[in-house]
Amino acid sequence: MTARNVNILVIALLMLFCCSALAVENFPPPDFESGYTLPDTEVPEAKNMQHEYIALGVLFVALSISAYLSLKNRNRKLIFSLMIFSMLYFGFFRKGCICPIGSIGNVALSAFSSDYAIPLIALAFFLLPLIFTVFFGRVFCSAVCPLGAIQDLVLLKPISVPSWLENSLRILAYLYLGLAVLFAATGASFIICRYDPFIAIFRLGGNLNIVILGVCLLLIGIFIGRPYCRFLCPYSVILRQFSRISRKKVSITPDDCIKCKLCEDACPFGAIDKPTQPWPGGSYIKDKKLLAMLIVLTPVIIFISGWLLSSASPPLSRSHPTVSLAQRIYLEENKTFTDSTDASDAFRATGKTINTLYSEASAVKEQFTLGGWFVGTFVGFVIAAKLIGSTIRWRRTEYLANPASCLACGRCFKYCPKEQVRLKKKSSGNIDDK
Amino acid sequence: MTNEKQNKLSPWHQTAVAITLISAIVACIIVIAISISYVKTTIVQPEREEQLVRLKQIIIDQPNNQQVLDFLRELDLEFRKQRTARIEFAKKGNLLLIISLIAFALSFKWASAFKQQLPNPCKESNDLAEQIINASWSRRAILAGVILLASIAIYNLTQPDIDFDKASVLAKAENENKPPIPAFPTFEEFNDNWPAFRGPQGNGVSKHANIPTGFNAETKEGMLWQTNVPLPGFNSPIVWGEKVFLSGATETQRQIFCFDVNSGELLWTGDLSSLPGATEPPDVMEDTGFAASSMTTDGINVYAIFASGHIGAFSLDGKKVWARYLGIPDSTYGYASSLTMYQNLVIVQYDQGETDDELSKMIAINGQTGKTAWETKRSVANSWPSPIVVKTESSFQLITAADPWVISYDPATGKQLWQIDCLGTDSAPSPIYANGLAFVIMPYSELIALDTNGQGDVTETAIKWAADEGIPDICSPVSNDSEVFTLTTGGTLSCFNFSDGKKLWEKEFDGEFNASPSIAADNLFLFSIKGDMIVVKASPKFEEVRRSKINDKVYASPAFMDGKIFIRSVENLYCIGAAN
Ligand code: SF4
Ligand code: SF4
């Protein structure tokens, strides 16, 4: 084993140990039966919004710099430095909140619930990266997102993931996005925030399960570049679509591609599309037939997917506090449980009737069933699109950074001989930044 | 020298490698330190935790054990301090660990930059084959994923689920079929019975006009029956319909007895002996015993409380409905306040400790469920009077007497209505309410008449008059709305004018008296400890009506029903009345 590999092993083990260190320990509550008077509840002062506006300003500046660095300056070192700054500021200093990824929950809830008005800051955090993406590609992912940054930092020995696997695993992100919107819209919970895998690391402590999830993702991230970004991040689903239509896109070469193949393996995120070979005739006809069949089957795929997800509404709806409470009360009423929980005691103390609770739970379940149809249809559509996409024979004549997948990290730039020429010219003062 | 070798020898590369190693070692040390601290507190500390749990259990059983309490508090504080320190340590450790890991990753990347491998564009590759494989494997992988997800969804489908619509309909039907909770008795029904200590209003007055004035214990003339009470107790009998109830207790036993009104037969015994609670019996005086508090009933259940702090409910036919442990009351002579009822609420006057201890409280317990309906703290010392629920001109009031406050509450909510600072230590006689005024007794010193219409602290305005001669220390007063009568333990019976407290007459009797005087059919009924029943006219002029005697010791106040008197002696229950 080389020293390098030993080092990687050491860091992997250390990260595993982090789990026990970061798992937050709950402090036992005071337990005096008598004589203990609870102190008066103090209402904390309203959060100082100044910090939020500063964070929004920093986000704007960081996005602008990131766009400049990846599109004009094309300097990986500076992109990396900005990325470390973002990780420290948005991650460790601001404790990962509020972040554009988590704000999906706020946006979904405000869209579906008349009782909830989204805070303007949350809306701004959600929109700003999207606006930048429309103009400059995924510059948020390149150096501003703290989640992406921490994964990028631990990427020490990248191995490539076959593109078919990458393509299929990406469906998970669509499913996650759909479920996140469903859970937020029904008021069940903001699952993106709840299961943010790196939040416990940024906050130097948290729920043990989340710590384990985060550390595992980072361990995988040593070898597989940014696994969360590529296969899970729900915000990336939106960013990908916006990035496809972005006005300016990252390009590997500052000039025309000469197909030297030097950048072929440069991207640890599998975002470089190679030039395609002409398809053999037999395969072409076969694929056309397949294409026709898939187009016909698309409604069926969408329907089955919608049906499956709507049928999965009972277990999904149990994450909603009303349904879980109703279930608990039901089981207590049926003597499946002979004890009670704090929640069921509190419910009984309200004097609300069990029937009312059951009706509310039933209404929530219906929302989940309906929402399940929408999410299922959406996921079914993605699956069908991906299947159809695999039969379409794209034509490419040069090496291109895939506009949807490219995280604008700038790693591939230096592999291009044309870039080397540009840099030389630049250092000799012959050209400006492109 | 190759490029790579040159890079490797560069001082920057060596610096990067050194930082990588140092940060890795630092991270290792931090992890070891955190792990040791974790192991220390999770493997070594549980013993302490167990010790804490044990102590907490002991303190539940012996709430007055100051030594254990102090030790428990000390241990708890020490335990918390250590926890806080460890959490603080872990927080700092985590920060350092993260910093060292970031340093490791950065320096590792830096060091790696010196020996980057050049791309190899000339490697063998079959792009076309790869293209085709990718396309078909993509489809297969997607299908495999879809099948996997679908299987999970289908598995979920087969899992049982609760149909809340159906459950709601069933719950509704069940609710409709449930026997309705019996309504609590009306005020009139209460008045027709003797459901608490000194009757429905707690004032020792019976509404019946046909109460016998005497009996002959030798010939049994005028005595309907006599029956043995299995356990001792100083509490008074209560009567509902055809049943008489009283309780008895020793250090280890707590029981409720139900007798037939007509035959004296013991119908059932309810046992509350084996309830969880203190293992040690409470500290009580011999004159108080373990069952001094009289029971109460709402005609649905009967309720009893004992000096040990155990309270329980039995249905009228003897089925245990609920039982609770309120904790041993801190009472100098032993707990003795009787229970009373307001609608479906069992009212407990749980006075304990000293005024500053803030331990005393009024508790209203839902008679059907045994759950606390309301609880109100009161700044009074331990006391022995019983609370009364009375109907004043405007509302129902729950009137209590203790040291130093006479306090009135709304019996439905426990909200304090008014209070008067007029009593002193060792308060024992219960308050009464008659003709718009409440009467309380400060032992040996004053009989005080109080207006009950005030609000808040009415000490300055509510005292109508106070008399200071012939004031008892144990027996409660009684009034026929035009006179107020008191009876001292030494046997002095005094009559005061209702409106101004002027003493009208006084009469001394032989013997000692603990049972409070009662009024029935315009007569005063007095019971001496020796067993004398003395009947005198309840009038502005003294006139003795009759004397009778049972050869038994009587401490408890009697109960009166239609044509009957129920007298509890130490060992027996007597029913006085004319045979039909
Ligand atoms: S893909 Fe998601 S997590 Fe990754 S950098 Fe982009 S927004 Fe952040
Ligand atoms: S900039 Fe280059 S290396 Fe980075 S993600 Fe895009 S294609 Fe991959």
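The model is predicted, so local features are taken only at pLDDT of at least 70 and side-chain atom pairs only at pLDDT 80 or more, whereas totals for chains, interfaces and linings use all residues. Residues are numbered from 1 along each chain as its sequence is written, chains are lettered from A and ligands numbered from 1 in the order in which they are written, and side-chain values use heavy atoms, with hydrogens and water left out.

**The two chains**

Begin by selecting chain A, which has 20 helices and 2 strands; helices (H or I, at least four residues) and strands (E, at least two) are DSSP runs, numbered from the N terminus. Of the 434 residues in chain A, 52% are buried, where buried means under 20% relative accessible area, exposed over 50%, and partly exposed in between (1.4 Å probe, protein chains only). In chain A, 81% of the contacts between residues at least 6 apart in sequence join residues at least 24 apart, a contact being heavy atoms within 4.5 Å. Chain A exposes about 21,000 Å², and carbon and sulfur atoms supply 65% of that area; accessible areas come from the Shrake-Rupley method with a 1.4 Å probe, and for residues only the protein chains shown count as cover.

Now switch to chain B, where there are 7 helices and 33 strands and where 53% of the 580 residues count as buried. Among contacts in chain B between residues at least 6 apart in sequence, 55% join residues at least 24 apart. The accessible surface of chain B comes to about 26,700 Å², with 54% belonging to carbon and sulfur atoms.

**The interface**

Display both chains together and colour the residues in contact: 75 residues of chain A meet 63 residues of chain B. Between them the two chains bury about 6,200 Å², 68% of it on carbon and sulfur atoms; buried area is the accessible area (1.4 Å probe) that two parts lose on being put together, summed over both.

The count of salt bridges between chain A and chain B is 2, a salt bridge being a side-chain nitrogen of Lys or Arg within 4 Å of a carboxyl oxygen of Asp or Glu. To see a salt bridge, select A:Lys365 and B:Asp161, whose closest N and O atoms are 2.6 Å apart.

Next, select A:Met293, A:Leu297, A:Val300, A:Phe303, A:Ile304, A:Trp307, B:Ile154 and B:Leu157, which make a nonpolar surface patch of about 710 Å². The elements giving two or more residues to this patch are α15 (281–311) of chain A and α5 (127–158) of chain B, and α15(A) gives the most, with 6 residues. Patches are made of residues with over 30% relative accessible area and no salt bridge, like charges being joined within 9 Å and nonpolar side chains (Val, Leu, Ile, Met, Phe, Trp, Tyr) within 5 Å.

**Inside chain A**

Select helix α14 (residues 234–244) of chain A, which is mostly covered, with 8 of its 11 residues buried. The buried residues include A:Tyr235, A:Val237, A:Ile238 and A:Leu239, and among the elements that cover them are α4 (103–112), α5 (120–136) and α9 (171–185) of chain A.

Move to A:Phe90 in helix α3 (residues 76–93) of chain A, a buried residue with a relative accessible area of 6%. Leaving aside residues up to four places away in sequence, A:Phe90 touches several residues, including A:Ala55, A:Leu59, A:Cys97, A:Phe125 and A:Pro146. A:Phe90 and A:Pro146 are 56 residues apart in sequence, yet their C-alpha atoms are 5.9 Å apart in space.

A:Thr322, in helix α17 (residues 321–333) of chain A, is also buried, with a relative accessible area of 18%. Beyond residues up to four places away in sequence, A:Thr322 touches A:Leu357, A:Glu360, A:Ala361 and A:Val364.

**Backbone stops**

Most residues other than glycine have a negative phi, and most peptide bonds are trans. The peptide bond from A:Cys97 to A:Ile98 is cis, with omega near 0°, and A:Ile98 lies in the loop between α3 and α4 of chain A. In chain B, the bond from B:Asp403 to B:Pro404 is cis, with omega near 5°, and B:Pro404 lies in the loop between β15 (396–401) and β16 (405–409).

Finish with A:Ala408, which has a positive phi of about 55° although it is not a glycine and sits in the loop between β2 (400–401) and α20 (417–427) of chain A. A:Ala408 is buried, with a relative accessible area of 1%.
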